[in-house]
Every structure is written in structure tokens, then in C-alpha cells.
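Open the model in your viewer and keep the selection tool at hand.

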Amino acid sequence: MDDLVVELTPLFVVFAAVLGLLIGSFLNVVAWRVPRGESVVNPPSACPNCGHRLLWWENIPVLSFLALRAKCRNCKTPISWRYPLLEAGTSLLFVLVFLHFGLVLELPAYLYLAAIAVALTAIDIDHKRLPDSIVLPSYIVVLALFGVAAIVAGDPANLVRAAIGGAALFTFYFLVAFAYPAGMGFGDVKLSGVLGLALGWVGWGALVIGAFAAFLVGAAVGLVMIALKRGGRKTAIPFGPFMLLGAAIGVGWGEQLAGAYLALMGF
């Protein structure tokens with residue numbers, strides 16, 4: 001069975017890449033419409049300048065952008081490079097998630113988390129908010145996907161640890177926001193619980209490293225901005241992307257980093 005999986009890995013990688021492109025195309029719609037309170041399914045995609053409704057061949061991820069030469073076919077308004085970059089980025093992220101986890105029961109949960117991470121990052125950068133319509137349902141989706149994985153595997157330990165991780169990280173962020181409300185919004189607090197679920201499923205080391213990495217990366221970016229005179233100590237920077245990047249570091253390398261640190265300390 002393992003040999004068969006290895007042989008089929010290139011096929012699975014291609015599938016993950018194509019799935020990521022399709023999901024990325026949908027995430028472009030999500031990132032544009034959700035902050036505006038619009039439906040993500042109706043009306044069909046159209047040029048925001050002239051209202052031209054896109055034909056099927058104008059809606060193919062990345063390829064349509066290239067075929068149209070980055071311009072609306074009707075009014076010739078330039079199309080932002082952000083659209084194909086987000087699609088390609090989601091595709092790459094899906095491939096990396098698959099290569100890290102392989103064909104495991106929890107893979108759908110982490111692919112879902114990768115998708116909302118892309119949407120939330122784009123929205124938080126543009127609007128400095130993390131919409132409840134994306135974050136709050138994610139608790140149900142992630143818990144359900146992890147629950148199915150735990151039931152099929154017949155081992156509830158990971159699910160219990162994920163639940164504890166979600167509660168712990170939510171509590172930590174809640175206390176930080178309560179102590180310093182000017183420095184952290186409640187949208188970050190709500191997102192922390194979802195990320196805690198993802199980190200807790202992997203392990204305690206991943207949870208600690210993921211939580212710490214968010215603040216470390218945020219501080220590093222802040223210092224770079226100050227050094228480049230692109231901002232000051234009081235410049236507002238959306239923290240959601242740092243939380244998501246920190247969680248990715250925790251999921252990907254948290255257990256190894258925590259183990260190396262404990263070994264260095266002699267534990």
C-alpha cells in the first residue's frame with residue numbers, strides 16, 4: 001500500500017495544485033465580496049469597472065489572466081496581478097500542505113485552513129479586519145474534520161489535545177487583548193482559537209512555537225518597517241497575517257523546534 005502511495009504521489013501533487021488553483025480563484029471572490037457584505041455565489045463574476053460578466057474561458061485561474069493580457073476584454077481596464085498571484089499562491093500552498101502531511105485523515109482540515117488563511121490574509125491587509133463570516137464557521141468546520149479523523153482512526157487523543165490547544169490560545173489572546181486593547185483587536189482573539197485547534201492537533205510543541213512565532217515575526221517586520229522609515233512604533237499593522245504565518249511555522253516545524261530547544265536546555 002505504501003509503495004502504491006509513493007508511486008501515485010506525483011498524481012496527488014498535480015491534483016493538489018489544480019485544486020489550489022480552483023480554490024484560489026474562488027478566494028479572490030471571497031476577498032473582494034465578503035468585506036463588502038456581498039454574496040460570494042451570486043451574481044456571477046464580472047468586471048468591477050464596466051460590469052462585463054465573465055465567460056467561462058475568462059475565469060480560468062491564471063491562464064485567463066495571461067490570455068486576456070491582464071485587461072478586461074470589454075473595457076480594457078487593467079486586471080490586477082493580485083488575482084493570478086493569489087491563485088498561484090493558493091496552489092503552491094496546497095501542494096506544500098500535501099507534501100508535508102501526505103495522505104492522512106487530517107489533510108482536509110489543513111487544506112481548509114490553508115484556504116481561509118489566504119482569504120483572511122488578503123482581507124486583513126486590505127481592510128484591517130478578520131470577518132466573523134469566515135472565522136466563526138471555521139470552528140465548526142475544523143472541529144468536524146478533526147472529529148471525523150479521530151473517529152476513523154479510533155484515537156481521540158489528538159482531538160482532545162486540539163480542543164485544549166484551541167481553548168488555551170483563545171484564552172491567551174483574550175488576556176492580551178484585555179490588557180492592551182489598543183494593540184490587538186477581538187478579531188485576532190477569535191481567530192486564535194481556530195489556530196489553536198490546528199496547532200494542538202499536531203502537538204504541544206507546535207502550539208507553543210506557533211503562538212510565539214506570530215509575535216516574533218510581527219516584531220521583526222515592525223523593526224524592518226521602522227528601519228526603512230515605512231512606519232513608526234505606533235503604526236497600525238494587521239496582526240492576522242502574522243498569526244497565520246506563526247501557525248504555519250508551528251504546524252510545519254513546531255515539534256522539531258521545541259524538541260531541539262528542550263534538548264539544548266538539557267531536558
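Select α6 (157-179), α7 (186-202), α8 (204-227) and α9 (240-264) to begin; each supplies at least two residues of the lining of the largest cavity. Helices here are DSSP runs (H or I, at least four residues), numbered from the N terminus. This is a predicted model: local features need pLDDT of at least 70, side-chain atom pairs count only at pLDDT 80 or more, and totals for chains, interfaces and linings use all residues. Residues are numbered from 1 along each chain as its sequence is written, and side-chain values use heavy atoms, with hydrogens and water left out.

**Stop 1: the cavity**

Now show Leu169, Tyr173, Leu195, Leu199, Gly210, Ala211, Ala214, Met243 and Ala247, which line the largest cavity. A cavity is a set of points, on a 1 Å grid over the protein atoms alone, where a 1.4 Å probe fits but cannot get out; lining residues have an atom within 4 Å of a point. The structure holds one cavity of 30 Å³ or more. About 40 Å³ of space lies in the largest cavity. Volume is the space filled by probe spheres set on the points, and grid points are joined across faces, edges and corners. α8 gives the largest share of the lining, three residues. Colour by class: eight lining residues are nonpolar, one is polar and none is charged. Ala, Val, Leu, Ile, Met, Phe, Trp, Tyr, Cys and Pro count as nonpolar, Asp, Glu, Lys and Arg as charged, and the others, Gly among them, as polar.

**Stop 2: the helix pair**

Move to α4 and α5 (residues 132-153), whose axes come within 9 Å and cross at roughly 170°. α4 is therefore roughly antiparallel to α5 (angles over 145 degrees count as such). Axes are lines fitted to C-alpha atoms over the stretch in contact, and angles run from 0 to 180 degrees between N-to-C directions. For the contact (heavy atoms within 4.5 Å), select residues including Tyr110, Leu113 and Ile123 in α4, and Val141, Leu145 and Phe146 in α5. The residues of this contact divide into 16 nonpolar, one polar and no charged.

**Stop 3: the pocket**

Finally, select Asn28, Ala46, Pro48, Leu54 and Tyr83, which lie nearest the centre of the largest pocket among its 38 lining residues. A pocket is an open set of grid points with protein on both sides within 12 Å along at least five of seven lines. About 970 Å³ of space lies in this largest pocket. Which helix gives the most to its lining? Select α1: seven residues come from there. The lining residues divide into 21 nonpolar, nine polar and eight charged.

How values were computed. Parallel < 35°, antiparallel > 145°, perpendicular 65-115°, else oblique.
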